[in-house]
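Here is a friendly walk through a two-chain model. Have the viewer open, and follow along from charge pairs to helix packing and on to some backbone details.

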Amino acid sequence: MTLFLDSVQVRFGATILFKPLTLTVAPGSIATVMGPSGCGKSTLLAAVCGTLDPGFSYTGTILLNGRKLNDIAVENRKVGILFQDDLLFPHLDVFGNMAFALPAGLRRSEQQARIIASLESAGLPGFENRDIATLSGGQKARVSLLRALLAEPEAILLDEPFSKLDEDLRSSMRSFVFDRIQRMHIPALLVTHDKADSPDGTFTELN
Amino acid sequence: MSGSSRLNLFPLVTQTAFLLPILVGLIFTAAPALGYLSVAGHRGFSLDPLRTLFAHPSLPGALRSTILSGAGAASASLALALWIAATVHGTRAWRVIEFSLAPLLSLPHAAFAIGFVFLISPSGWLMRAVSPSLSGFTYPPDWITAGDPWAISLTLTMILKETPFLLLMVFSGLNRLDVKRTVWIGRSLGYHRLRIWTRLLIPQLYPMLRLPLLAVLAYSLSVVDLAYIIGPSLPPTLSVLIDRWFNDPDIAYRMVGAAGAVLLFVLTLLFIALALLAEQLIKKAAAGRLLNGRRKSPFEPLAGTGSWYMMLVLLINTTSLLVLMIWSIARVWRFPDFLPSLLVISTWTDNWGRMIEPLGVSVAAALASCAISCVLVVGCLENELTLEYAKQPSIDRRSLWIVFMPLLIPQISFLFGIQVLLVFLHLDGTWLALIWIHMVFVLPYVFLTLASAYRSYDRRYSQVGLTLSWSPLKTFARIKLPILIKPILFSLAVGFSVSIAQYLPTLYVGNGRFATITTETVSLAAGSDRRIIAVYALSQVILPLLGYAAAIAIPFMMHRNRQMMRN
């Protein structure tokens with residue numbers, strides 16, 4: 001599983017947001033894209049995901065495991081996303097949020113088994129019936145990642161996922177996320193304005 | 001502390017000024033229904049009015065059209081508004097809807113209904129468009145379209161007016177959700193847009209739509225002016241029947257009217273309860289499916305229809321307005337001509353003199369009721385924010401129900417009682433009573449449109465003023481008011497248009513002494529010359545339009561060199 005971006009460039013009308021970007025992300029590894037706020041980092045992720053706002057367009061090719069994503073509908077791309085806000089659905093509990101990501105056709109007991117196992121592996125045993133509002137920031141962030149991964153994506157995009165966490169929480173969350181992605185063996189594309197977010201200190205500048 | 005305790009008076013005054021009279025009005029309407037009407041010499045308890053009501057030959061038909069049109073219009077409007085939102089949100093067409101909502105909502109119900117009649121009646125513009133070329137008619141056919149006995153045309157009229165209103169409520173609800181990224185996450189998890197709406201957005205949105213929906217339901221079940229214009233006639237809807245009984249020369253019929261008003265009140269409560277019950281049932285039924293993981297929706301092939309519905313709503317509203325304009329300057333417009341053969345402006349000039357007074361009464365009542373409502377609403381919101389800042393328990397959520405109360409009770413169920421009360425106090429037919437009854441309906445809308453912008457004001461701006469040792473009042477007038485001028489004026493414009501549109505309250509409380517442009521238009525619509533009706537209806541359209549124009553123009557002039565004030 002590899003994510004390959006070939007001279008990807010986003011425009012808004014006639015305005016070019018950044019220079020063409022070419023990147024190869026190997027499975028289990030994380031590519032970091034850096035840039036100041038407003039340079040189009042989130043827009044780049046929207047292009048990979050397929051959720052560009054009306055008025056935006058892009059050139060270049062996006063390949064995932066040899067599949068050309070350009071013309072595939074968002075919901076069929078199998079590309080997960082994690083934002084700086086947890087975006088857990090407030091009308092559902094932890095179980096509901098995670099079950100939402102599971103594939104169709106599972107029996108309730110299967111859903112339960114998978115979700116409990118996933119929560120336990122993340123150090124959150126017994127959390128399945130908790131109301132989202134009662135979780136701490138770090139717990140929300142972890143549930144949010146677990147939810148994205150339960151859908152078994154073939155690649156995951158990270159939109160400054162650590163920027164809203166406290167300093168001490170940030171480093172433990174980083175290693176949690178990187179560890180999960182390595183275990184899932186999928187490519188990850190991380191955009192950030194904080195050099196420390198890059199797992200190996202290397203990054204590509206967006207300008 | 002003294003400042004906040006004085007602010008405490010605002011919710012108190014607001015609630016007693018509105019709630020108490022409505023309750024008294026309900027009681028004073030219920031008393032004659034049980035045989036007590038002292039002006040007619042009835043002072044005992046009797047079930048005769050109720051017996052007469054239930055034995056009345058018109059009642060079954062009236063109930064049928066009331067329920068069909070009321071419940072039908074409310075549920076169809078909700079379904080359409082949600083369908084349009086779910087299918088159009090996030091596309092370019094959404095922007096078009098956003099811009100068209102305010103002008104759509106500024107078109108008064110009565111004027112729109114009249115235009116709609118001119119459009120769909122057998123001799124209407126639609127028939128003219130296909131005659132005689134396609135239809136072969138050289139005379140209007142003997143069909144019943146507007147005012148049909150099944151109240152379909154009345155239901156359609158209400159759907160066309162209430163769908164934009166509920167869409168506006170959807171808009172303001174969506175502003176409080178992170179829709180863009182919720183849709184993004186949902187789609188990245190493999191869900192189709194429609195599924196994201198039914199499973200993620202509507203469950204979060206509905207609590208914010210509940211009150212507006214119930215208001216639409218109560219309104220549709222009890223509307224009188226629209227039912228006169230485009231409702232069935234033999235028998236009419238229950239609300240019209242009640243209004244006729246209340247105005248019957250035989251004073252004994254007031255008691256039958258009162259019995260009908262109580263029945264309509266109970267019917268409305270029943271349907272509100274049904275709506276709440278349906279919500280719970282749907283929630284229960286959906287709970288199991290919510291998490292079944294199905295990504296595709298069977299309605300996907302129909303997703304393109306949402307924008308077509310919206311275009312249809314827009315098109316019908318515009319053509320209704322257009323046909324009014326044409327009639328207002330037509331001199332000779334024979335069937336089946338598509339356009340008048342002779343145009344004049346004399347219908348305008350001949351009627352202008354007669355319209356000045358009703359227009360003046362409309363504007364005066366609207367300005368006064370809006371200004372006082374706005375002061376009260378701002379006071380209530382200030383009080384709420386002060387309490388919240390002081391971490392004292394705030395009653396804002398519950399007070400919302402109280403503010404909404406006048407919109408959830410059929411007007412005709414308490415207006416008769418209020419009339420009785422005002423006669424007793426010798427206040428009937430006074431300006432005071434007229435302005436007050438308009439406020440009862442204006443205030444909820446001012447509250448509704450102002451609250452969210454007012455609550456999200458950054459109080460640190462005011463703290464800057466206070467640290468410059470300005471007085472709280474000066475800080476409020478020099479900083480907060482100018483910053484919030486746009487939402488305040490917009491809420492005033494909404495209140496203004498609500499006041500202009502009031503028909504029944506003006507008649508009952510004014511005791512026949514006040515003629516507004518709306519009461520004149522509705523009474524003319526019953527059977528006047530189409531050209532004169534059109535002139536009156538358009539005059540009714542112009543007033544709220546001027547209000548909205550002022551609400552846009554004044555902040556623009558004030559802040560024309562201030563970029564941050566543009567949004």
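This is a predicted model: local features need pLDDT of at least 70, side-chain atom pairs count only at pLDDT 80 or more; totals for chains, interfaces and linings use all residues.

Residues are numbered from 1 along each chain as its sequence is written, chains are lettered from A and ligands numbered from 1 in the order in which they are written, and side-chain values use heavy atoms, with hydrogens and water left out.

**Salt bridges and the interface**

Within chain A, A:E154 pairs with A:R67 in a salt bridge whose closest N and O atoms are 3.2 Å apart. A:E154 sits in the loop between α4 (137-150) and β8 (155-159) of chain A, and A:R67 in strand β6 (residues 67-68) of chain A, so this pair ties together parts that are 87 residues apart in sequence. Helices (H or I, at least four residues) and strands (E, at least two) are DSSP runs, numbered from the N terminus.

Now turn to the place where the chains meet. Here 26 residues of chain B are in contact with 35 residues of chain A, contact meaning heavy atoms within 4.5 Å. Together the two chains bury about 2,600 Å², with 64% of it on carbon and sulfur atoms; buried area is the accessible area (1.4 Å probe) that two parts lose on being put together, summed over both. On the chain B side, B:R181, B:W184 and B:L291 lose the most area to chain A, together 29% of what that side buries. Between chain B and chain A there are three salt bridges. One bridge links A:E75 to B:R187, with the closest N and O atoms 2.9 Å apart.

Two packed helices are described by the angle between their axes and the distance between the axes. Axes are lines fitted to C-alpha atoms, for helices over the stretch in contact, and angles run from 0 to 180 degrees between N-to-C directions.

| Helix pair | Angle | Axis distance |
|---|---|---|
| α15(B) (346-389) and α24(B) (530-558) | about 40° | 10 Å |
| α23(B) (517-525) and α24(B) | about 150° | 9 Å |
| α8(B) and α14(B) (305-328) | about 125° | 10 Å |

Angles under 35 degrees count as roughly parallel, over 145 as roughly antiparallel, 65 to 115 as roughly perpendicular and the rest as oblique. Accordingly, α15(B) and α24(B) are oblique to each other, and their crossing is right-handed. A crossing is left-handed if the near helix is turned anticlockwise from the far one by less than a right angle, and right-handed if clockwise. Among the residues in this contact are B:W348, B:M355 and B:L359 of α15(B), and B:I532, B:Y536 and B:L543 of α24(B).

Helix α23(B) is roughly antiparallel to α24(B) and passes α24(B) in a left-handed crossing. The α23(B) side of the contact includes B:I517, B:L524 and B:A525, and the α24(B) side includes B:I532, B:Y536 and B:L543.

The pair α8(B) and α14(B) is oblique, again with a left-handed crossing. Here B:L160, B:K161, B:P164 and B:L167 of α8(B) meet B:M310, B:V313, B:I316 and B:N317 of α14(B).

**Backbone details in chain B**

Finally, have a look at some loops. The peptide bond from B:S131 to B:P132 is cis, with omega near -10°, and B:P132 belongs to the loop between α7 (125-130) and α8 (152-174) of chain B. Another cis peptide bond joins B:F335 to B:P336, with omega about 5°; B:P336 is in the loop between β1 (330-332) and β2 (342-343) of chain B. B:H426, in the loop between α17 (411-424) and α18 (431-455) of chain B, has a phi near 55°, a positive value in a residue other than glycine.

Key: A salt bridge is a side-chain nitrogen of Lys or Arg within 4 Å of a carboxyl oxygen of Asp or Glu.
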